[in-house]
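Visitor: I'd like to go through the charged pairs in this one. Can you show it to me?

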Amino acid sequence: MNVYRQNARVLTASLVGTAVEFYDFYIYATAAALVFGPLFFPAESATVQHLAAYASFAIAFIARPVGATLFGHFGDRVGRKSTLVASLLLMGGATVLIGVLPTYESAGWLAPALLCLMRFCQGLGLGGEWGGAALLAVESAPKGYEARFGMFPQLGAPVGFFAANGLFLVISSVLSDAQFAAWGWRIPFLLSAVLVGLGLWIRFRLSESPVFKLEDDHHRAIPIVELFRTHLRETVAGTFAVIACFALYYLATTFALGYGTGTLGYGRQQFLGVQLFAILFMAVGIVVAGYAADKRSSRSVLMFGCFCAVVLGTVMGLMFSAGSLFVIGVFLCIALFTMGLVYGPIAELLPRLFKARVRYTGASIAFNVGGIVGGGFAPAVAQGLADSGGVLFVGLYISGAALLSLFGLMAVRAERV
């Protein structure tokens, strides 16, 4: 019974912790798409304001590999549990502080500077969060259940998104546009304090990963030095393998929200409602992929998902140009289900590529560097592509990202997966 109770705690901690972290991350993405442009970045053109807000969004992706290196070092040397607590505190603290920042109107250039600093701290925290949560789940899994245990931290993504955008939807429905822009957008950031407290309470009750306990030489070498000396191929292959999931996600959520409410003119509440429904398909995709990966392999499921993403990118332009929110909603449902297929098994695949003594560092760096390539600049690049050539080119961006992930997965040594 103790084993079942401990497994339940590990899975709950992996799910709740990453849900809180991704909630923090997504409320920034949503606010960047809706209000951060005019509030923090003065410009005569709305497009320039959007691009500036998306550029601040990308800062966290630059910070994530730094966080992966920093927290990976301590995760491989000190332990998974304490490192996860520290990453949650950093991410949550930065998020709450964003909720009290002055705007450009009241503080001038200090406002966007502070916003970018807090965004950098968010990226540091998330850079150390995902790898630890994935390792804690997968290293605690019974044999043959690794991918199904690994899908729990992945489910934190749709849960966090649903909580973040659901809250924005509720706030938008009860406040006027002026009230929302003046102070309503701050509420989700301030409420993060409650969620972080819940995540910390759960994580303090965890035991250390059993694999880390058995590893007797995690103090001998600097993890990142050993990683690049002994696992360079795996690091590069793993980095490419995750590009597709980030590109799909941020183009189907952040870019789609900004483009749908801005260029296409759909109402904010209307479009958020469509996205909240579509995100359920991402959760379904993650679960389907988790079970399929344990029956076959994570690599084969990911390759199938990438092939689907290549095809999906070719029809994005047609579906967004149909003039129907229903058709756009169908596209978002398919895109986010596909995203679940190329995201769910990642938590099992990446840790498997690395030995235990460099696993936290290796999995975190591969995941977060892939995030820069696939998602960090995706909303800004997509906005530029859409403005200059239409959504057809945004879809080709998705197809190209999926092809890069396919190449990465083909480079993964079969004996490791």
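Visitor: Is R352 buried, partly exposed or exposed?
Guide: R352 is partly exposed, because its relative accessible area is 38%. Buried means under 20% relative accessible area, exposed over 50%, and partly exposed in between, with a 1.4 Å probe and protein chains only. This is a predicted model, where local features need pLDDT of at least 70, side-chain atom pairs count only at pLDDT 80 or more, and totals for chains, interfaces and linings use all residues. Residues are numbered from 1 along each chain as its sequence is written, and side-chain values use heavy atoms, leaving out hydrogens and water.

Visitor: What does R352 form a salt bridge with?
Guide: With E348, at 2.3 Å from N to O. A salt bridge is a side-chain nitrogen of Lys or Arg within 4 Å of a carboxyl oxygen of Asp or Glu. E348 and R352 sit 4 residues apart, about one turn, in helix α17 (residues 346-352). Helices are DSSP runs of H or I with at least four residues, numbered from the N terminus. E348 has 6% relative accessibility, so E348 counts as buried.

Visitor: How many salt bridges are there?
Guide: The structure holds 5. One of them joins R359 to E139, with the closest N and O atoms 3.1 Å apart. R359 belongs to helix α18 (residues 359-376) and E139 to helix α6 (residues 110-139), 220 residues apart.

Visitor: Are those two buried or exposed?
Guide: Both R359 and E139 are buried.

Visitor: And what about D294, which residue does it meet?
Guide: D294 meets R148 in a salt bridge of 2.8 Å, N to O. D294 is in helix α14 (residues 268-295) and R148 in helix α7 (residues 146-174), so the pair ties together parts 146 residues apart in sequence.

Definitions and conventions. Helix = DSSP H or I, 4+ residues; strand = E, 2+ residues; numbered from the N terminus.
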